[in-house]
Each structure stands twice: as structure tokens, then as C-alpha cells.
Amino acid sequence: MIERKISFCRICECSCGVVVTVEDGRIVQVEPDRENPLSAGHLCIKGKCFPEVVYDPDRLLHPVKRVDGGWQRIGWAQAIDEIGERLAHLIDSNGARAVAGYIGGGAAFYPPSWQLAARFLRAIGSPNRFSPATIDAINWLRACEGVLGDRALIGIPEWGDAKYMLVIGANPLTTNFSMLQVMPRGLELVRKARQRGAKVVMVNPRRPVESMGITDEHLFIVPSTDVFFVMGLINVILREALHDKEYVASYCSGLETLRELVADYTPEATERITGIPADKVVQVARDFARARGAFAIAHTGVSMAPNGTLGEWAVIVLNAITGNLDRPGGLYFDPGIIPSKPKAAPSERRPVPVSRVRDYRLYGSEFPCSILADEILMPGEGQIRALIVTGGNPMLSFPNANKLERALDQLDLLVCIDRYVNETATFADYVLPATTFFERPDVSWPLTPTSAVPFLQWADRVIEPLGESKTELEIFRMLYQRLGIPLMNHPGLEEEVRAAEEAGEGIEAISDLVFTFLMGGARVSLDELKQHPHGLIFGEKTFGQSIPDRLGTPDKKIHLAPEEFVEPIRQLEPPVPDGQDNSFILICRRFLSSFNTSYHNAPSLRKVIDENFAEISAHDAGRLDIADGEYVTVQSKVGRVIAKAKVSDDIAPGVVAIPHGWGHVYETSQRLARQTPGVNPNVLIDDEASCDPFTGNPAQNGTRVWVTKGAVV
Ligand code: SF4
């Protein structure tokens, strides 16, 4: 029997609609859903090739336990019982902080998974929660909180309606126009905008080759100097009085302090720091301010730098002083599916836990990933002894990978919930097989306000789960039960779910109960969504209703110079060359055919990019006598990798780019990925010294390294 089922992709934020052809219970094709009102026919190569993941012979389809250094197949009952017993024992003997959880990108797009993993930790009383937010995006959110008073007030760029688009540290064609935002039709929108005369300027240390077709001008910049570049733009705009005076007077505070903070960053000073010519700084500033409908965005290139929070601060302020926040053609604020709750009064706030290592306060209910290894390695009360990893791969995504390896090795208990025995799972005691997204009922991700338009979609499972794999909802359900915790730590939901189970209901009914619970107070109900299988745009895109109303600052103003940022801005220091011939600044990058550490075991995607590399400029290659394809050694203060050199004209001299998410050198189940493993640039990243001071986010961009011809072992 052949069926065509409507669903959506859940690899990245875009949530593209798909039509899946299923023949006798097996997926044979994934095509774009042209009737999906959000994605309208967009589907990238990862979504098309996803059946290769579903039917990957290397996929884990039953629970396994480590026995005598090998894997033993076990049943679900045994796995959950043993894990539950060991967790209970650890909590009893060492306290709740002994248990930590990492909720990875694989869980982020399945709300029950993320919620259950997070609430499990809360239920047992452990603050030790980690996620990829503190690898890439947290600095942006921290800056939103500083300037706008709310880290969820994320501006969505108006790709289709802006007249001027300043894109810093991003490569939209490889990221599908997304960093947290749901923007599947970005390419179509920006093409139309350019036909109407809009201008796109990109600023990166590496020319974003994949996005040059939508770029009018590209400016090379010295890595980690974005904050100085944007302060240079603000300097010009304020000196020439090009700012939106009415908007600033109505909605902003701190203008005079801002003037003082940017006063030194004249175009000439900005050129000396960033490498961007002074006349370009002036031109970009004038064009941006005069565009009347412009946005500046700073993606991972900025937020993953050592001063990422302040880099993002400068960009939000640039948008604010030109009147482009909450304005058509500028940045839009989606009210989200669930209206945000008012902040608790200071007197009602609970004490915020502080990490044992480096004294980070819990932020967004999480500690930074950069401290996990030391929290495991450092003895004493509260030492982490057990880690539950849900849909993630810290071994390839956390800084100072060599240290993390030692830490994972030392854990008393490591449990991974994943589709594969991935690199992290090679250190695990148990690996529990999760379904893919086509094997579970689901609601599209934007439960937080990041969608290009107010949109949501529900999809039933397309096929039955393969082997013994289970949804994370079912897996955590069993774990909660084993430890006597009500589902979602909520007795009312537990009661409803138990009644459904006793009535013989399956995962579909349980899933409905859980989503109804999670969507409590939402602007659209699950029943309404089910009546719109292609997805539902449930509201108008509106402007002028977020600022000032949704600002979280006490005075309902946009804080151009937040008090907590002022002194750190004054103390900002540009990176200083160390004078050595082979000294470089490391940046990371990604490919469209992969998603962080994932999709390197899919044959069609491996045909696109087979392995990562160390990309350096032809100028540097000539200087150091390095040929394209030759091995080079890249050394930092904390580690060393040996990679193939890629010599190109697309990267600034003095910069080396190594795509992240690679280094498949462990005994994983992913045989294809292991054939050409690539290298893990996180071996080079310091987990202590160069982290962002506000968030602890490691500097995957901006680390000093030394590149040597040949493989130095
Ligand atoms: S853009 Fe994202 S959601 Fe859309 S098909 Fe590609 S990976 Fe899937």
C-alpha cells in the first residue's frame, strides 16, 4: 500500500513541511510540502535525505549496556530498572547535585524530550543542567536581557522587507537563515527584496561563499573584533546625528553614556582594529541609518567569540538607535505561542544556585557547558558523578575535548539517549535507542517566540518505530516511574496519563495529553492544529506592539548602555598579534549537509562534504610553504589537531577555519563517519581562560593557534 503523509522536518529550527511517501510501512520519499503556509515548498538536502538516517544499518535499535568493555543487548525493563537504581543510590549517597543532564540539539526540536529531561533534574533537586545554548546562542540572549530586559525578546529579521541588511558572522545559505529563528523561506524573501533594490552587506573573516549569490558587498574582518566594528558604526551615526531621534527619545535610555562608550572608535581607530577601511565604516553607517527599514544581525560568528555578549549588545543597540526594533523592514518580535509570564518580584525569587567551578550563577536554568568537565573532575561535595545525555554529543561539541574525555571516563554512570552509539556514548554505561522524528507524534518547535510568522504544526507519526526504539517521552516516562516522580513533575498530568494507560491507550493519546499540558495557555489548541495538517498561521504579524510593552526593563526603556555592561565595554581590548610567523586566529564554520555533530553517517550527505579541514589563505599558505591537501598541525594552548589544509582565497590572512562537529575517531556505531573522521576543533578550545565573562560561553571563534606544515606528533 502506498500512502502520502503530511509531516514536517525537525532537524533545525525551520520546521519545513514535508510530504512523505510510505510504501508498505516504509518511507520511500520525502518531498517538500508546497501547501505548508510557512515553508511553502522549501526543503534542504538534510530533510530530503533523512530516510537514510531512519533506515541507517548503523542505527541503534535496542538498549545496550556496557559489559566487560563491550556492548550487551538488554531489554527496556532491565535498562530502566538498573539505571533507576543507580541514580537513586547516587542521589542518596552523594546528593542530587551528583546527577547532571545534558539536553542536546536532538532534543531541542521535540518539546516533551527537552521538557522531561529538564523537569527530571528539577524533580530530583539538581541544578546541573547543560545544553548547547551555552555553546552558541547564550551570549545573544544575555545581550537581549541586558538591553531589552528579557532574553526571550529575540528580533526576527525582516529579510523580505528590509532595504538594508547588515549580516555579521553569519552564512545564511548554510544555516537556512536561522539562528534560533524559524525562517524557512529566507532565500526567496531576500531575493525578492534585492530585486526591489535592497542591499545585503556581509561581514566575516571568511567570505561566505555559499551566500555570495545574495550578497552585494562582503567585508573581511579580523575575528573577534565585531564589537569594535559596530561601535565604530554607532560612533559615526551619533556624531553625524543620523540616529532616529524620535524613537530614541521615546523608547531608549542611556544615550549619553553610549556616546561616551563609542567615542574612541572613530572610523580610523575602527580600521586599525578590525581591518575594515575607515571609508567603508562611514559608508555602512550612513547607508544603514538612512535606509528607513534596515536590520543588523550577528549570528554565531559573533556570539561564539570571547566577547560575544558585548558584540551582540552593540548590534542590538545599532538597531535600536536607528529605530529598527519592532518596525517593518527591521526586526520583528513574534509574540510566541504562549504569552510570556510576568517576571517574579525580587522578593519572590528563589536563591540562584552557583556552580562549584568558576562560580557561575545558574542562568536560564543552566550552567555553561564550559564547566562540565571540571564539575566532574573536581572532588568534593556536589561533584557530578552521573550524566544523562539526551539527543546530544558533548564529546564533539564541548570545549577542551581532551579534558572532557578524562571527565567522561571518570563518571560513575553515563546514560545516553540517542539514535546511535555516538562519540559520547562510547563512554556510556547504557545507551537507550530513541526514535527519529518520523516515528513520533509531535508539534513544531516554536513554543518560544522565534517564528517569522505566528505558526504551528502538528504531525502524527509517519511510520511505526523501528526495532525497539522509543520516543523520549516513553523513555522518560519509564524513568520517572522508576524513581516515583509524577510525569513532568506534575501530579495532575500523572493522574491523566495513568488513567489513559490503564484504559489501554497508546503513545498517540499520551502524547496528546502531554502536548495539551505543555500548550496550556497557548493561543491555539492542539485540536485546532489537528484540523490544519499542513500547519496553521494563527495570527497576524504585527509591529509596534512589543516596544515598549514587552520590554522587561524596570523603566520600560531600551537600555543602550546597561549598567552591568558599561565597565566591561570600557575595558574591552582588541586582540593583539603575538608576532610569531605561524600565529593564526581560529574560527569555526559549518556545512549545509550536516547539523553540528550529526548527519555524517548518511551516504548522500557525505558525498557533499566528506571530511573537515583547516582552511587558510593562499597568502599564508605561500608564506609557510603549505600545499592544498597537505597535513598541517594546529596547536593551541590546550591541545593539538592534525588536519588537511584547504588553501583558498576566501579567508582573511592570519585566520584558520576548521568546521566543527567532526572528529569521529571513537568506536561508535557510525561506520561511515569513522571512515573519514575529520578532526575535532574543540580539542583546541580553552574551557577556562577565553570564555565570555557574562555567560561562560567558550570561544570557538577567536582562539589563538599556531599552524605548522606537516603532522607534528
Ligand atoms: S531547513 Fe532545517 S527543517 Fe528544513 S529541511 Fe533543512 S534541516 Fe529540515
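Which residues point one way from S9 and which the other way? Tyr 164, Leu 166 and Ile 168 point one way, Met 165 and Val 167 point the other way, and all are buried. Buried here denotes under 20% relative accessible area, exposed over 50%, and partly exposed in between, with a 1.4 Å probe and protein chains only.

The model is predicted, so local features need pLDDT of at least 70 and side-chain atom pairs count only at pLDDT 80 or more, whereas totals for chains, interfaces and linings use all residues. Residues are numbered from 1 along each chain as its sequence is written, and side-chain values use heavy atoms, with hydrogens and water left out.

**Strands**

Strand S9 covers residues 164-168; because five of its five residues are buried, it is largely enclosed by the rest of the structure. Helices (H or I, at least four residues) and strands (E, at least two) are DSSP runs numbered from the N terminus, and two strands pair if DSSP finds at least two bridges between them. S9 runs parallel to strand S10 (residues 199-204), to which five bridges join it, and Met 165 has Val 200 as its bridge partner there. S9 also pairs in the parallel sense with strand S13 (residues 294-298), again over five bridges, with Leu 166 partnered by Ala 296.

Strand S24 (residues 614-617) is likewise covered on both faces: Ala 614 and Ile 616 on one side, and Glu 615 and Ser 617 on the other, are all buried. Its parallel pairing with strand S26 (residues 640-648) comprises four bridges, and Glu 615 stands opposite Lys 646.

**Nonpolar cores**

A nonpolar core is a set of buried Ala, Val, Leu, Ile, Met, Phe, Trp, Tyr and Cys residues joined through side-chain atoms within 4.5 Å. The largest has 91 residues, and Leu 166, Trp 313 and Ile 558 have the most contacts inside it. Helix H9 (residues 226-239) gives the most to this core, with 10 residues. Apart from it lies another core of 55 residues, among them Ile 135, Tyr 360, Met 395 and Leu 414.

**Cavities and pocket**

On a 1 Å grid over the protein atoms alone, a cavity is a set of points where a 1.4 Å probe fits but cannot get out, and a pocket is an open set with protein on both sides within 12 Å along at least five of seven lines; lining residues have an atom within 4 Å of a point. The whole structure has four cavities of 30 Å³ or more.

| Space | Volume | Lining by class |
|---|---|---|
| Largest cavity | about 120 Å³ | 13 nonpolar, three polar, one charged |
| Second largest cavity | about 80 Å³ | seven nonpolar, three polar, one charged |
| Second largest pocket | about 510 Å³ | 11 nonpolar, six polar, four charged |

Volumes are the space filled by probe spheres set on the points, which are joined across faces, edges and corners. In the classes, Ala, Val, Leu, Ile, Met, Phe, Trp, Tyr, Cys and Pro count as nonpolar, Asp, Glu, Lys and Arg as charged, and the others, Gly among them, as polar.

Helix H15 (308-321) is one of the elements that give two or more residues to the lining of the largest cavity, and H15 gives the most, with four residues. In the second largest pocket, strand S28 (residues 703-709) supplies the largest share of the lining, three residues.

**Single residues**

Asp 374, in helix H16 (residues 372-377), is buried with a relative accessible area of 13%. Gln 571 is exposed, at 53%.
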